[in-house]
Amino acid sequence: MHEPNVCYERGVTMFSASSYPSHMSRSLFATVALVAAVAVYGAFAAREGARRGLIDDLPAASGTATPPKPAGTDMKPSTTKHVYSRAGWEVTPYSKSKVEELATKLTPEQFRVTQKSGTEPAFCGNLLDNKKDGTYCCIVCGLPLFTSAHKFNSGTGWPSFYTTFDPLHVAERSDSTHGMERTEINCARCGAHLGHVFEDGPRPTGLRYCLNSASLQFVDKGQPWPAGGEPVKTETAYFAGGCFWGVEHTFQQAPGVISAESGYQQGKTKDPTYKEVCTDTTGHAESVKVVFDPTVITYRQLLEGFFQMHDPTTMNRQGPDVGEQYRSAVFCTSPQQLEQAKAFVADLTARNAFKKPIVTQVEMARDFYPAEEYHQDYVEKTGRACHNVNPWPAIFGTAVGSKPSAH
Ligand SMILES: [Zn+2]
């Protein structure tokens, strides 16, 4: 039995056989570690879920992140770190000057509410009785904040919702003005004051997000998003580099990667389980689906990272994990990706970047089946330190197209 807190090497760095569970013992190891991890995580998630409204059957409400601090004066916007919500929007805080520029387009009432933390009189807002299907977006920056699916009649005179469009879209901070202890809510991106959240809402969250109509713009279902309110135009790529836990975790560290999800791909059976894939008879690879923002990270950079985070020279094997499911592969979602990935491998080969021949499979992607929930975010859930190579600082610190480090 291995010490659960010892992370095994997943990359091209040298393995110590004793520090890495064998292929056969991995499922037992995983089961024991996961039972503990899932129990702890489950309790955390249940608590957070109740607090934040992260209930599975709620549309668009997802993620487990702590509510962000609002943009604006008390949060320094970063010029390099891009933050994305699970729903697929970029929520990197806007700079003060950008907010000021956007605020010039507001009406005096919208300005008073969003920029001066004003409150509109009860029963006066234009969205209080709105019962149409659609999304409530920030009046300043257009970010979707709430949906009609979560709106309810609170009787307070202000539009009320029991959860957010996405937990990362609405920030919270304590507000002790007017002799009360309240929790102010703001647009996470532009910092616009929206209202407050109270713990006297209906099931399933028990929360009441109390909004000013003046801070919102309503978009009918099926209508285009307002300016600035569009989701990120993403692309998808798939990479198989041995056990998906570490590969997923490493891609999640990359700037511009919106999500990385573990799954089974390129096999012969439908919707396989981990147990079935472990038999090494279904033909699936343990694969990671990477959704990324191509304006921040290019496919080429993803390839560079991938070839640094695993060993592409061992056939159907990654360290002591042996079997076809641990093969090295790039599964492409477009002919352009296919061409680029093949050229990338050919270039590495021509330059003898690796001491042994590259055996990475490069082909068009077929069915991807997400792995069981306990495999997702495994490294984060278990809190185990990971010795994986983190290729991203070097890749983003050098010119695109530079030579990946040889091993
Ligand atoms: Zn906003």
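Q: In which strand is the place of valine 257?
A: Valine 257 has its place in strand S11, residues 257-265, where strands are DSSP runs of E with at least two residues, helices are DSSP runs of H or I with at least four, and both are numbered from the N terminus. The model is a predicted one, in which local features need pLDDT of at least 70 and side-chain atom pairs count only at pLDDT 80 or more, while totals for chains, interfaces and linings use all residues. Residues are numbered from 1 along each chain as its sequence is written.

Q: Why is valine 257 called buried?
A: A residue is buried if 20 or more other C-beta atoms lie within 10 Å of its own, exposed if 12 or fewer do, and partly exposed in between, with C-beta atoms placed from the backbone. Valine 257 has 23 other C-beta atoms within 10 Å, and therefore counts as buried.

Q: Which residues does valine 257 touch, not counting those up to four places away in sequence?
A: With that exclusion, valine 257 touches Phe251, Gln252, Val290, Phe292 and Ile297, two residues being in contact if their C-beta atoms, placed from the backbone, lie within 7 Å. For valine 290, which is 33 residues apart from valine 257 along the chain, the separation of the C-alpha atoms is 6.9 Å.

Q: Why does glutamate 172 count as buried?
A: Glutamate 172, found in strand S5 (residues 170-175), has 20 C-beta neighbours inside 10 Å, and therefore counts as buried. Its C-alpha atom is separated by 9.9 Å from that of glycine 191, 19 residues apart along the chain.

Q: What makes H6 largely enclosed by the rest of the structure?
A: Of the 11 residues of H6, 10 are buried, and the helix is therefore largely enclosed by the rest of the structure. The buried residues are Tyr299, Gln301, Leu302, Leu303, Glu304, Gly305, Phe306, Phe307, Gln308 and Met309. What covers them includes strand S10 (235-241), helix H4 (244-252), strand S12 (285-292), H7 and helix H9 (392-397).

Q: Why are H6 and H7 called oblique to each other?
A: The axes of H6 (residues 299-309) and H7 (residues 335-350) come within 10 Å and cross at roughly 45°, the axes being lines fitted to C-alpha atoms, for helices over the stretch in contact, with angles running from 0 to 180 degrees between N-to-C directions. Angles under 35 degrees count as roughly parallel, over 145 as roughly antiparallel, 65 to 115 as roughly perpendicular and the rest as oblique. H6 and H7 are therefore oblique to each other.

Q: Which residues of H6 and H7 make the contact?
A: On H6 the contact is made by Tyr299, Arg300, Leu303 and Phe307, and on H7 by Gln337, Gln340, Ala341, Phe344 and Leu348. By class, the contact has six nonpolar, two polar and one charged residues, where Ala, Val, Leu, Ile, Met, Phe, Trp, Tyr, Cys and Pro count as nonpolar, Asp, Glu, Lys and Arg as charged, and the others, Gly among them, as polar.

Q: How do you know that the buried residues of H3 are on the same side of the helix?
A: The buried residues of H3 (residues 108-115) are Gln110, Val113, Thr114 and Gln115. They cover an arc of only 165° around the axis, which puts them on the same side of H3, the arc being that of the directions from the helix axis to the C-beta atoms. These buried residues pack against helix H2 (96-103) and strand S7 (193-198).

Q: Why is serine 117 called partly exposed?
A: Serine 117 lies in the loop between H3 and strand S1 (134-138), and its 16 other C-beta atoms within 10 Å make it partly exposed. Serine 117 has a positive phi of about 55° although it is not a glycine.

Q: Why does asparagine 316 count as partly exposed?
A: Asparagine 316 has 15 C-beta neighbours inside 10 Å, and therefore counts as partly exposed. Asparagine 316 lies in the loop between H6 and strand S13 (317-318), and has a positive phi of about 50° although it is not a glycine.

Q: What is omega for the peptide bond from arginine 203 to proline 204?
A: Omega is near 5°, and the bond is cis. Proline 204 is found in the loop between S7 and strand S8 (208-211), and is partly exposed, with 15 other C-beta atoms within 10 Å.
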